[in-house]
Amino acid sequence: MGLQTAFIVQPELKQAPQPGSARTPQTKLEEAAGLAEAIQLEVVHQEIISLSKPRSGTYLGPGVVDRLAGLAEYHDHPLLIINTSLSPVQHRNLETALKCKVIDRTALILEIFGARASTHAGRLQVELAALTFQKSRLVRSWTHLERQRGGGGFLGGPGERQIELDRRMLTDQVKQIKKELSDVERTRGLQRRNRDRSETPTVALVGYTNAGKSTLFNRLTGADVLSKDMLFATLDPTMRGMHLPSGRQIVLADTVGFISALPTELVEAFKSTLEEVVQADLVLHVHDMSSDLCAEEALDVATVLEDIGLDEQARDDRILHIFNKADAAEEDVDLPFIATGTAGRALTCSALTGTGVEDVLTQIDRYFAQADSLCEITISPDHGAASAWLHQHARILDSHYNETGQHVVKASLSRANKARFKKQWPMAPVDETVS
């Protein structure tokens with residue numbers, strides 16, 4: 001944006017607070033400041049403004065607008081961030097009155113996404129969201145750029161106005177981007193089908209922004225994805241293959257973090273990316289247990305998951321709750337809505353120090369082991385490679401040699417690995433009736 005300094009205004013309507021809500025005007029303001037710092041803006045002024053009701057023309061009252069105009073002139077017209085959603089008319093009128101650039105919460109998040117997206121697909125999705133947003137902002141109505149009048153004489157109305165031309169151009173751009181995104185989706189679909197054919201399960205990480213998903217992803221996979229104590233440190237989804245303690249191979253997917261009041265345009269644009277979450281065999285919901293807003297952030301994530309098609313029943317069946325940042329949390333922290341250790345559905349860990357990460361891996365292993373088959377396999381002495389393969393790809397429960405010198409292995413095998421073993425060593429009998 002080329003702007004170094006910024007004002008942040010948190011409008012707060014005078015109404016009864018939501019019962020049990022921990023989100024105060026101050027915490028909303030602090031989050032907005034974190035968003036601004038995420039794109040290297042220097043916040044030189046921030047304040048909470050109490051309103052009885054929003055003004056239809058400027059959202060803020062005339063006295064507040066005049067005072068902000070004076071401050072803006074003193075600070076050489078900085079960027080003004082209004083941490084709420086503005087209508088196109090309110091946006092235009094504020095910029096006119098304050099003589100500086102004004103953006104609302106939606107535009108701020110779009111700006112961050114635009115600055116951070118690095119892959120071709122990510123840039124396309126952000127551009128689609130931005131164009132969809134801009135389309136609703138076309139409030140100009142000047143006539144000096146109208147096209148030539150249609151027909152002869154003076155009875156014909158004016159030709160195409162500038163706003164109509166802009167809208168048509170944006171519509172054409174949206175169509176082109178959607179066409180390119182459909183090619184990306186087709187490629188992702190092929191990759192997903194290949195994983196399905198090989199029966200490699202997918203595990204997706206989701207959570208509120210800055211919950212530590214990327215740090216946990218790096219800890220589990222040994223990858224080097226950017227992870228910082230910053231809102232929206234990484235945006236583009238990353239997928240890595242990895243092996244669990246049992247030897248089972250999975251694909252781990254790191255996804256974009258969610259946030260309260262996530263713009264609808266972004267949810268729509270990123271649906272093809274978030275499809276990986278919907279299709280995942282297991283979802284790890286990463287919580288920041290050191291946050292005072294842990295419960296509310298979890299509710300925001302659940303809302304977005306429902307928007308993309310992961311309903312409550314699917315979430316209950318396929319989600320493990322990972323309470324991260326145990327190293328930064330208070331010892332007597334009250335974890336919300338689910339008790340840790342309940343049927344293994346919730347675990348605490350610190351992705352930064354590694355504490356509890358082995359428990360996370362073990363629980364993921366147990367989740368997929370539920371569908372495994374218990375088999376007893378007898379291997380002749382001249383097929384030592386089969387024994388080695390089993391130790392690498394199965395969970396060995398017992399291993400011994402019988403009186404004839406054959407290796408008898410009792411193991412838990414996934415359906416895919418059982419089929420692979422039978423195909424490669426058809427001469428080794430597999431008894432599936434053991435208990």
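**Exercise 1. Find where the salt bridge between R67 and E47 sits, and state how exposed each partner is.**

Solution. The side chains of R67 and E47 meet in a salt bridge with an N to O distance of 2.9 Å, where a salt bridge is a side-chain nitrogen of Lys or Arg within 4 Å of a carboxyl oxygen of Asp or Glu. R67 belongs to helix α2 (residues 62–74) and E47 to strand β2 (residues 42–51), so the pair ties together parts that are 20 residues apart in sequence. Helices (H or I, at least four residues) and strands (E, at least two) are DSSP runs, numbered from the N terminus. For exposure, buried means under 20% relative accessible area, exposed over 50%, and partly exposed in between, with a 1.4 Å probe and protein chains only. R67, at 39% relative accessibility, counts as partly exposed, whereas E47, at 13%, counts as buried.

The model is predicted, so that local features need pLDDT of at least 70 and side-chain atom pairs count only at pLDDT 80 or more, while totals for chains, interfaces and linings use all residues. Residues are numbered from 1 along each chain as its sequence is written, and side-chain values use heavy atoms, with hydrogens and water left out.

**Exercise 2. Describe the salt bridge between R248 and D365, and name the network that contains these residues.**

Solution. The closest N and O atoms of R248 and D365 are 3.6 Å apart, and the two residues form a salt bridge. This pair links distant parts of the chain, with R248 in the loop between β6 (238–243) and β7 (249–254) and D365 in helix α12 (residues 357–369), 117 residues apart. R248 counts as buried at 10% relative accessibility, and D365 is buried with a relative accessible area of 9%.

D288 forms a salt bridge with K325, the closest N and O atoms being 3.6 Å apart. D288 lies in strand β8 (residues 282–288) and K325 in the loop between β9 (319–324) and β10 (346–348), so the pair ties together parts that are 37 residues apart in sequence. D288 counts as buried at 11% relative accessibility, and K325 is buried with a relative accessible area of 18%. Returning to the network, salt bridges that share partners join R248, D365 and D372 into one. By this rule, the count comes to eight salt bridges.

**Exercise 3. Locate the patch of positive charge and the helix that gives the most to it.**

Solution. K135, R167, K175 and K178 gather in a patch of positive charge on the surface. Patches are made of residues with over 30% relative accessible area and no salt bridge, like charges being joined within 9 Å and nonpolar side chains (Val, Leu, Ile, Met, Phe, Trp, Tyr) within 5 Å. Helix α6 (residues 162–198) gives the most to the patch, with three residues. K175 is found in helix α6 and is exposed, with a relative accessible area of 57%.

Technical notes
Accessible areas come from the Shrake-Rupley method with a 1.4 Å probe; for residues, only the protein chains shown count as cover. Lys and Arg count as positive and Asp and Glu as negative; His and the chain ends are not counted. The place of a charge is taken as NZ of Lys, CZ of Arg, CG of Asp or CD of Glu.
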